[in-house]
Amino acid sequence: MQASDRFNINSQLEHLQAKYVGTGHADLNRFEWAVNIQRDSYASYIGHYPMLAYFAIAENESVGRERYNFMQKMLLPCGLPPEREDD
């Protein structure tokens, strides 16, 4: 592998990380990564009606109620953030 190949791969990775939030970056901690994954999942469930209908049937709720519940879960999908240690 040549140096130019490594530079090209790194620049492509940086471009993806700038364009899409869910791809992460070096300073992303575990909690932020989990929040991104959960929010992406809930957004996908809301956006795909058959999946939303499946969840509604499984939980014996209306589709509108399930959509509302998923939107509420998107606010704090993993609970409150952990305390940070200031160094």
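Here is a short tour, from the overall fold to the helix contacts and then the rings.

Before you click: this is a predicted model, in which local features need pLDDT of at least 70, side-chain atom pairs count only at pLDDT 80 or more, and totals for chains, interfaces and linings use all residues. Residues are numbered from 1 along each chain as its sequence is written, and side-chain values use heavy atoms, with hydrogens and water left out.

**Stop 1: the whole chain.** Color by secondary structure and you'll get four helices and zero strands, where helices are DSSP runs of H or I with at least four residues and strands are E runs with at least two, numbered from the N terminus. Switch to a surface: the chain exposes about 7200 Å², and carbon and sulfur atoms supply 55% of it (Shrake-Rupley, 1.4 Å probe). Of the 87 residues, 14% are buried (buried is under 20% relative accessible area, exposed over 50%, partly exposed in between, with a 1.4 Å probe and protein chains only).

**Stop 2: H2 against H3.** Select residues 30-47 for H2 and 49-58 for H3; their axes come within 5 Å and cross at roughly 95 degrees. Axes here are lines fitted to C-alpha atoms, for helices over the stretch in contact, with angles from 0 to 180 degrees between N-to-C directions. H2 and H3 are therefore roughly perpendicular (65 to 115 degrees).

**Stop 3: H3 against H4.** On the H3 side, pick Tyr49, Leu52, Ala53, Phe55 and Ala56; they meet Val63, Glu66, Arg67 and Phe70 in H4.

**Stop 4: the rings.** How many aromatic pairs are there? The count comes to six, with rings of Phe, Tyr and Trp (its six-membered ring) pairing if their centres lie within 6.5 Å. Zoom in on Tyr45 and Phe70, a tilted pair at 5.5 Å centre to centre with 50 degrees between the planes (under 30 is stacked, over 60 edge-to-face, the rest tilted). Tyr45 sits in H2 and Phe70 in H4, 25 residues apart. Tyr45 is partly exposed at 23% relative accessible area, whereas Phe70 is buried at 3%. Finish by selecting Tyr42, Tyr45, Tyr54, Phe55 and Phe70 together: ring pairs link them into a cluster.

Methods: Parallel < 35°, antiparallel > 145°, perpendicular 65-115°, else oblique. Contact = heavy atoms within 4.5 Å.
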